[in-house]
Amino acid sequence: MTEKKKTNIILFSGEYDKAMAAYIIANGAAAYDHDVTIFHTFWGLNTLRKDEKLMPKKSFMEKMFGKMMPRGAEKLPLSNMQFGGVGPKLIKSVMKKHNAMPLKDLVSMAQEQDVTLLACTMTMDLLGIKEEELLDNIELGGVAAYIAEGEEGAINLFI
Amino acid sequence: MTEKKKTNIILFSGEYDKAMAAYIIANGAAAYDHDVTIFHTFWGLNTLRKDEKLMPKKSFMEKMFGKMMPRGAEKLPLSNMQFGGVGPKLIKSVMKKHNAMPLKDLVSMAQEQDVTLLACTMTMDLLGIKEEELLDNIELGGVAAYIAEGEEGAINLFI
Amino acid sequence: MTEKKKTNIILFSGEYDKAMAAYIIANGAAAYDHDVTIFHTFWGLNTLRKDEKLMPKKSFMEKMFGKMMPRGAEKLPLSNMQFGGVGPKLIKSVMKKHNAMPLKDLVSMAQEQDVTLLACTMTMDLLGIKEEELLDNIELGGVAAYIAEGEEGAINLFI
């Protein structure tokens, strides 16, 4: 057990705005010297997918899930004001004007600040997402990993 | 106050995947010897409804709410990829193939592990859900019950 | 640092039922003598908007966001059973019959109980929401303000 305060975020949601909130809090907590972990589970795992189209060996269902789910941070929809795909473009153009970081840069920043990015193995198994489809330097773990960190957390959030 | 660590989950959402996440975390925390409570409020209450069609005395509005809301864990929709009702079937068939427990078994497992399942009385009152419509061994309580547990919680989540 | 226990709620969501849950927990915690803060970010900021149509100087995009987003607590949609706008009316009529407080009264009650209502400055900046469009006595802050409170929180929730 470290003396640093811990922040543990479960990122369940697969929406751009919710993932942004998760990463802004994670980066903020890391800047305040917390030991930060983001547990990506269910749709939250899409944030960690690589942009490229990879072709690992998959079953039919796994291929289908892989196709239907957004490939990486910048492809996520909004939880609100999606407007058939126009919403994310509007928000991103506004963010650019205000010099706010896009989600993929928030993810890189988190990695530079040593935020632990963890992918839920149960979700990977169910949805057929392979390790090589994820960004580099992602740890893998299950609910036991979460409980071990969560019970020491000063800030625990489910997003 | 017990010496065990506490995990308190507010289950507000009425979706299959979110309820699954809540129950997987609850069962995981119980396995790590936490004292676990799930507070079912608003749409989260639907997870606790019995499968059967019961006919308690109700007002017109209460009957309508009762009809429109899913009756029990296995009838909940998904928060994502619902596809007009096909999504939950797909996910459940994939879960079966991977020997992952369906939600109703996760609920039974939680009860066997002495996870406290609590139904929010305010929600029951507003939506006209009667105690006999809920699974057996459900405790009833309000926000005061939550604060009392929550302020002692090592892990507190809102799902 | 005060000796009181702290409850910190991030209200990210812009739905009536989720905001209700946030404010019911906040008022409950305040009644149990917690030091309570609600951090309104992203769509959660709409809860704090004044009902009136104000005309601060805005860019085209800011005007558009201002128009499309609900102006104040009583205009928020539901997260479930929205039914093209009928849902909120149904729920509110049921709430009235059961003497449950509407959201705007829960907000006033929170202010009377000295719950700190904080608006996220990044969101205000991005969506072009000006201070004069918000209710009175709202504090402004960013992620640093949240981390400072959150790391001392007995109850931390993301809604």
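**Exercise 1.** Work out which span helix α3 of chain B should have, and what distance its end C-alpha atoms show.

*Solution.* Helix α3 (residues 86-97) of chain B has 12 residues. Helices here are DSSP runs of H or I with at least four residues, strands are E runs of at least two, and both are numbered from the N terminus. The expected span is 1.5 Å times one less than the number of residues. Just after α3(B), B:Asn99 has a positive phi of about 55°.

This is a predicted model, in which local features need pLDDT of at least 70, side-chain atom pairs count only at pLDDT 80 or more, and totals for chains, interfaces and linings use all residues. Residues are numbered from 1 along each chain as its sequence is written, and chains are lettered from A and ligands numbered from 1 in the order in which they are written.

**Exercise 2.** Find the strand order of the open sheet in chain A, and the helix α1 that packs on the sheet.

*Solution.* The order is β4-β3-β2-β1-β5, five strands with parallel pairing; two strands pair if DSSP finds at least two bridges between them. β4 (139-141) and β5 (155-158) of chain A are the edge strands, each pairing on one side only. From one strand to the next the twist averages 20°. β1 (residues 6-11) of chain A joins β5(A) over four bridges, and A:Ile10 stands opposite A:Phe158 in β5(A). Helix α1 (residues 16-31) of chain A touches β1, β2 (35-40) and β5 of chain A, and its direction makes about 170° with that of β1(A). Axes are lines fitted to C-alpha atoms, for helices over the stretch in contact, and angles run from 0 to 180 degrees between N-to-C directions.

**Exercise 3.** State which element of chain B gives the most to the side that touches chain A.

*Solution.* Contact requires C-beta atoms, placed from the backbone, within 7 Å. By this test 20 residues of chain B are in contact with 18 residues of chain A. α1 (16-31), α3 and β5 (155-158) of chain B each supply at least two residues of that side. α1(B) gives the most, with six residues.

**Exercise 4.** Determine how chain C is related to chain A.

Notes:
Least-squares fit on C-alpha atoms with pLDDT ≥ 70 in both. Contact = placed C-beta atoms within 7 Å.
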